[in-house]
Amino acid sequence: MADIVVIAGEKTLHHVQPLLQHLELEVAQVAEYDLDAILSHNPRLVLCFDDYHILYSNVLAQLRQRNIGILMMFDGILEWKRTFEYPLEGEHLPFEQPVGAHKIACLGASQARLLESWGNVGKCEIVGVPRFDQLARNPPPVPPSPPYRVLVMTAKTPGFNEEQFEACRRSIEDLRAEAAQFEQVELVYRVSQKIQAALGVEERGLDTRGADLHQQLAGVHAVITTMSTTYLESLLARRPTAVLDYTNSPHFISPSWRICCRDHIAPVLRELINPPKVKMAYQEFVLRDSLYLEEPATDRLARLL
């Protein structure tokens, strides 16, 4: 018997661990969307992270038929290419349009607005991200300068097809060439293994749980990243942050700085080194629109459950 069943494998469990330590409820974990395994715990509520696969959607539909509550908790931002250019291959559903849960724990107001536009009116609850609570309480101080260290990041999957990957590879290559013209700028890399291999940049294994990212942010002055949840973490660390996107896709989160071609790189680098106050103020607005920060997300999610 369990009050709550969490559907989470090793790659996603860390998103909810702060919450599990906080709850005064009986919680069980299952690694897969296995209906029999879930029902064996006789839960009152199921917490899950996605339903884009038809198997996942069918399991959630059967839980709803049994009057078992379902809360969807997003483990990151929504992103255009992941939503609309992801290969569906016949077994995947349109991403979260609508969500097959009773409620959705959203990162912030902008995500709630977007999800509501996809047919999820009445389901969205603005919560925040429990694993960001510590960074929100203690943003790292900016290190001494110069040199100005700029962290260059990509998503773990820098493209869902070869065209998208090539655009990402070319953007990193151009960034390296342009940054070499700045005597006091040093690039630090946190990129996917495929990008490492393609460009021969510093080989470094990624901690997929992001545990060491906050330490790395403490050692840099600015960040350039492809659009992913790490963008919000950089904003939360109050680092001026540019989005690198040679595909020039629509952005659900609008950054203060955007690099869509090589000609953008040098002007953006100059501003990241000495960021205009108005752009930093706008970045703070984007952060607070994208990520709920008025109270710890762990407390808020616990009350929602």
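Tutor: This is a predicted model. We begin with a sheet of 5 strands, which is open and has parallel pairing. Its strand order is β8-β7-β9-β10-β11.

Student: Which strands are the edge strands?

Tutor: An edge strand pairs on one side only. That applies to the strands covering residues 185-190 and 257-259. The edge strands are therefore β8 and β11.

Student: By how many degrees are neighbouring strands of this sheet turned against each other on average?

Tutor: The direction of the strands is ignored for this angle.

Student: How many bridges join β7 to β8?

Tutor: Strand β7 covers residues 148-153 and runs parallel to β8. Across from Arg149 stands a residue of β8, Glu186. The number of bridges joining β7 to β8 is 6.

Student: Which strands does α7 lie across?

Tutor: Helix α7 spans residues 162-179. Its direction makes an angle of about 155 degrees with β8. The strands that α7 lies across are β7, β8, β9 and β10.

Student: Is Ile172 buried or exposed?

Tutor: Ile172 has its place in helix α7. Leaving aside neighbours within four places in sequence, Ile172 is in contact with Val152, Thr154, Tyr189, Ile195, Leu199 and Leu244. The cut-off for buried is under 20% relative accessible area. Ile172 has a relative accessibility of 0%, so it counts as buried.

Student: What does Asp174 touch, not counting residues up to four places away in sequence?

Tutor: Asp174 also lies in helix α7. Its relative accessible area is 11%, so Asp174 is buried. Not counting residues up to four places away in sequence, Asp174 touches Tyr246, Arg262 and Ile265.

Student: Which members of the largest nonpolar core touch the most other members?

Tutor: In soluble globular proteins, nonpolar side chains tend to be buried together. Here the largest nonpolar core has 45 residues. The members that touch the most others are Ile38, Leu63, Ile104, Leu115 and Tyr231.

Student: How many residues are in the second, separate core?

Tutor: Among the members of this second core are Val152, Val201, Ile265 and Leu269. The second core is separate, and its number of residues is 28.

Student: How many aromatic pairs are there, and what kind of pair do Phe84 and Trp118 form?

Tutor: The count of aromatic pairs is 6. In the pair of Phe84 and Trp118, the ring centres are 5.9 Å apart and the planes are at 80 degrees. Planes over 60 degrees apart count as edge-to-face. The pair of Phe84 and Trp118 is therefore edge-to-face.

Student: How many residues apart in sequence are the parts that this pair ties together?

Tutor: Phe84 lies in helix α4, and Trp118 lies in the loop between α5 and β6. Phe84 is partly exposed at 39% relative accessibility, while Trp118 is buried at 12%. The pair thus ties together parts whose separation in sequence, in residues, is 34.

Student: What kind of aromatic pair do Tyr282 and Phe285 form?

Tutor: Tyr282 and Phe285 both lie in helix α12, about one turn of the helix apart. Their ring centres are 5.9 Å apart, with 35 degrees between the planes. This aromatic pair is tilted.

Student: Which residue has its charged end over the ring of Phe165?

Tutor: The charged end sits 4.3 Å from the centre of the Phe165 ring. The residue is Lys194.

Technical notes: Residues numbered from 1 in each chain as written. Predicted model: local features only at pLDDT ≥ 70, side-chain atom pairs only at ≥ 80, totals over all residues. Heavy atoms only, no water. Core = buried A, V, L, I, M, F, W, Y, C linked by side-chain atoms within 4.5 Å. Buried < 20%, exposed > 50% of the residue type's maximum accessible area, 1.4 Å probe, protein only. Phe/Tyr/Trp six-rings, centres within 6.5 Å; stacked < 30°, edge-to-face > 60°. Helix = DSSP H or I, 4+ residues; strand = E, 2+ residues; numbered from the N terminus. Lys NZ or Arg CZ within 6 Å of the ring centre and 35° of its normal. Contact = heavy atoms within 4.5 Å. Pairing = 2+ DSSP bridges. Axes fitted to C-alpha atoms, helices over the stretch in contact; angles between N-to-C directions.
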